[in-house]
Amino acid sequence: MTRFFFGLLFICCFWSGSAQVVSPTAAVDYYKAGEEALLAGKDEQALRLFKKAVKAKPDFNAARRGLALCLELQRDYEAAAQQYQTILGQDSLFSRAMYFQAGEALYKAGKPEDALAYFNRYEALQAWGVDTFSLNTERELEMEEAYLRRLPGSIRACQVSLDSIKFINITTVQPLGGHVNTKADDYFPFLTNDQKRLYFTRKTENGDEDLYESIYEDGHWSRGRPVKDLNTRKDEGMSTFVRDGRILFYTVCGREGVRGGCDIWQVEMDKDREVTSIAPLEGYANSSGWESQAAISCDGQALYFASNRAGGVGGTDLYVCERQSDGTWGDAKNLGNNINSRLDEEAPFITNDGQTLYFSSNGHPGMGDQDIFMSWKDKDGQWSIPINLGPPVNSAFRELGFFLTADGQMGYFASDRPEENAGGLDIFRFRLDTQLYSRPITFVEGLVIDSSLEMTVSATVSIAGRQDIQVGRDGRFFICVPAGDTLYTSVNKKFFHPYDNAFIIPRWDNRQFYTIELLLHSTFDIPGAAPAIQPDSLPAIEEPRPRRQIVEYAHTVFFPFDEDRMEVEEREALLAFLKTLQNKDAQDIRIIGYSDDIGTDVYNLRLSEERAKQIALVIMNKGLEVDHIYMEGKGEVKNETAKALNRRVEVKIRVLE
């Protein structure tokens with residue numbers, strides 16, 4: 001009832017300050033009677049009266065909003081959403097809060113994709129001043145404060161719903177074939193970023209578990225073979241790489257140095273995947289109990305794993321450890337009752353953005369012996385109640401060991417389902433038609449280079465908002481960066497000039513790293529070209545990989561004197577410009593409005609803002625997909641240029657090509 005009362009007050013406030021007082025008498029009378037009926041709690045009577053008001057004057061938005069509220073009270077959310085959409089279609093700047101209301105009604109009507117579009121639009125409109133919208137009362141702003149608190153959860157709810165649908169809509173689940181799947185148990189798949197090397201665990205007929213690998217060549221997987229240097233006569237398995245491909249975590253059982261039955265060990269490799277060191281984890285990840293099935297976050301800072309250590313919720317629980325500044329692992333934290341049940345949870349997998357967890361369980365409601373579930377982290381860092389992935393991933397049999405490729409397009413898991421089964425647990429794969437909802441992450445490889453000698457060097461790299469990175473003599477470092485972010489880097493190294501640079505990180509498919517080069521300049525003058533032969537003691541720079549570049553496209557829209565509406569020719573030119581970029585990978589958009597110097601400063605600033613907003617509306621309505629839109633009104637321009645040329649909006653769109 002509280003929500004209804006606030007909504008009613010909102011309508012009353014709007015009515016007293018709206019330009020729609022000029023509505024026909026009949027519409028006004030119906031509207032006022034509808035208000036009175038709402039105050040009396042007569043929802044159906046109010047609904048009929050608001051319908052009559054809208055029929056008498058279709059563009060009477062106050063009455064139409066009252067109609068939408070009544071429909072929501074009667075739980076007819078689809079009809080309510082249609083009313084909100086009609087209002088915004090008639091006047092897109094009528095109310096910013098209504099974009100949230102429309103999204104909420106659409107979500108409750110079972111249309112999460114449409115709802116998400118409105119929630120995203122509402123979030124984008126926060127960059128616009130409140131006075132842009134016809135409805136900007138104090139009550140409207142109070143409503144928006146509540147909506148903004150709920151917005152992240154509402155967006156996530158839509159994404160969860162859509163992700164669930166994506167798994168249900170998977171058409172085929174295919175086994176990997178006889179070169180990988182055998183009569184033995186084959187499970188716990190993990191693929192390298194380029195998807196050309198598969199690591200998995202095989203349990204042979206004599207019960208020995210070992211780590212195997214297979215190479216993708218000529219359209220098929222090679223016959224699985226034991227991984228060099230990692231297996232013994234004891235059990236090993238369940239491997240996971242940091243996304244840089246240089247550090248592997250895997251399970252080791254029964255050998256010297258293992259504290260419990262099984263522990264998690266770390267393997268360091270060079271660029272050719274040759275093992276350089278193997279050692280148990282330092283810190284508190286391992287215990288006197290059983291630890292296994294590690295999953296490492298994209299940047300290698302959070303380790304998820306299964307353990308039966310004392311103090312858990314059930315049999316085997318899922319835990320997480322954070323890497324400390326000294327490289328050791330901190331206290332193991334149980335993921336809590338939402339994730340862990342009274343039975344067994346195992347085989348975690350964490351997405352690149354660290355916000356979605358997949359795992360196997362026989363303790364949550366499922367379809368068979370063991371199913372795969374997913375859970376999302378909320379803004380407070382708590383994991384949601386898990387959702388079963390459903391068929392065709394899960395079945396009446398056992399499923400475990402979920403893995404998602406670096407580009408988010410292919411999923412892998414193991415199952416003992418009888419269809420197309422070689423025996424025991426086999427590895428299956430599926431393709432997602434569209435990527436799951438998560439913030440896109442780009443795998444960034446950095447190289448610190450002496451630009452004079454064209455050789456990599458050791459250094460301390462400082463990146464704003466991150467811990468300093470100590471780079472060895474190979475000059476290499478690796479980080480996971482949200483696509484669209486800017487890395488502000490600096491290096492202060494003896495005998496080199498101070499280095500500062502900013503790198504815009506694009507969206508990337510991550511089959512190869514996105515490489516940035518930090519080119520240091522020596523304080524010494526080195527005449528002549530770089531030496532043809534580099535000293536053996538210093539590592540050579542690898543052959544640069546081809547990569548796409550950021551390209552900026554610009555367009556200018558001119559406006560008539562004292563107008564914020566485009567002329568037909570200018571609008572058509574803008575649409576033609578946008579059409580050329582429709583299928584390009586847009587990274588960000590800058591929209592800057594200007595005016596001439598006729599009139600007051602305040603008036604011209606407002607006029608330039610309105611012009612920029614008109615352009616932004618066109619871009620948003622054309623559906624150009626981009627994560628970052630910046631809009632600003634600069635006000636008047638005082639120069640010798642013809643005044644008509646200063647009545648403009650400059651549009652700059654950067655794309656990755």
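Reader: Is the crossing of α6 and α7 left-handed or right-handed?
Author: Quick background first: this is a predicted model, where local features need pLDDT of at least 70, side-chain atom pairs count only at pLDDT 80 or more, and totals for chains, interfaces and linings use all residues. Residues are numbered from 1 along each chain as its sequence is written, and side-chain values use heavy atoms, with hydrogens and water left out. Now for the hand: a crossing is left-handed if the near helix is turned anticlockwise from the far one by less than a right angle, and right-handed if clockwise. By that rule, the crossing of α6 and α7 is left-handed.

Reader: At about what angle do helix α6 and helix α7 pack?
Author: Each axis is a line fitted to C-alpha atoms, for helices over the stretch in contact, and angles run from 0 to 180 degrees between N-to-C directions. Helix α6 covers residues 97-108 and helix α7 covers residues 112-124. Their axes lie 8 Å apart, and the packing angle is about 165 degrees.

Reader: So is α6 roughly parallel or roughly antiparallel to α7?
Author: Angles under 35 degrees count as roughly parallel, over 145 as roughly antiparallel, 65 to 115 as roughly perpendicular, and the rest as oblique. With the angle of about 165 degrees, α6 and α7 come out as roughly antiparallel.

Reader: Which residues of α7 meet α6, and how many residues of the contact are charged?
Author: Contact means heavy atoms within 4.5 Å. On the α7 side you'll find P112, D114, A115, Y118, F119, R121 and Y122, facing A97, Y99, F100, A102, G103, E104, L106 and Y107 in α6. For sorting them, Ala, Val, Leu, Ile, Met, Phe, Trp, Tyr, Cys and Pro count as nonpolar, Asp, Glu, Lys and Arg as charged, and the others, Gly among them, as polar. The contact then divides into 11 nonpolar residues, one polar, and, for the charged ones, three.

Reader: At roughly what angle do the axes of helix α2 and helix α3 cross?
Author: Find helix α2 at residues 25-39 and helix α3 at residues 43-56. Their axes come within 8 Å, and they cross at roughly 165 degrees.

Reader: Is α2 roughly parallel or roughly antiparallel to α3, and what is the hand of the crossing?
Author: The angle of roughly 165 degrees makes α2 roughly antiparallel to α3. As for the hand, α2 passes α3 in a crossing that is left-handed.

Reader: How many nonpolar residues are in the contact of α2 with α3?
Author: From α2 come A27, Y30, Y31, A33, G34, E35, A37 and L38, and they meet D43, Q45, A46, L49, F50, K52, A53 and A56 in α3. Sorted by class, the contact has two polar residues, three charged ones, and a nonpolar count of 11.

Reader: How many helices and strands does the chain have?
Author: Both are DSSP runs numbered from the N terminus: helices are H or I, at least four residues, and strands are E, at least two. The chain has 11 helices, and its strands number 33.

Reader: How many residues does the largest nonpolar core have?
Author: A nonpolar core is a set of buried Ala, Val, Leu, Ile, Met, Phe, Trp, Tyr and Cys residues joined through side-chain atoms within 4.5 Å. In the largest one, W128, L574, I591, I615, V651 and I653 have the most contacts inside it, and its residue count is 52. Apart from that lies another core, including V180, V252, L389 and M410, with a count of 41.

Reader: Is L400 buried or exposed?
Author: Look for L400 in strand β19, residues 399-404. Beyond residues up to four places away in sequence, L400 touches F188, E346, S360, Q370, I372, F413, A414 and L425. With a relative accessible area of 1%, L400 is buried.

Reader: What is the relative accessible area of M238?
Author: M238 is in strand β7. Its phi is near 45 degrees, a positive value in a residue other than glycine. M238 is buried, with a relative accessible area of 8%.

Note on methods:
Buried means under 20% relative accessible area, exposed over 50%, partly exposed in between (1.4 Å probe, protein chains only).
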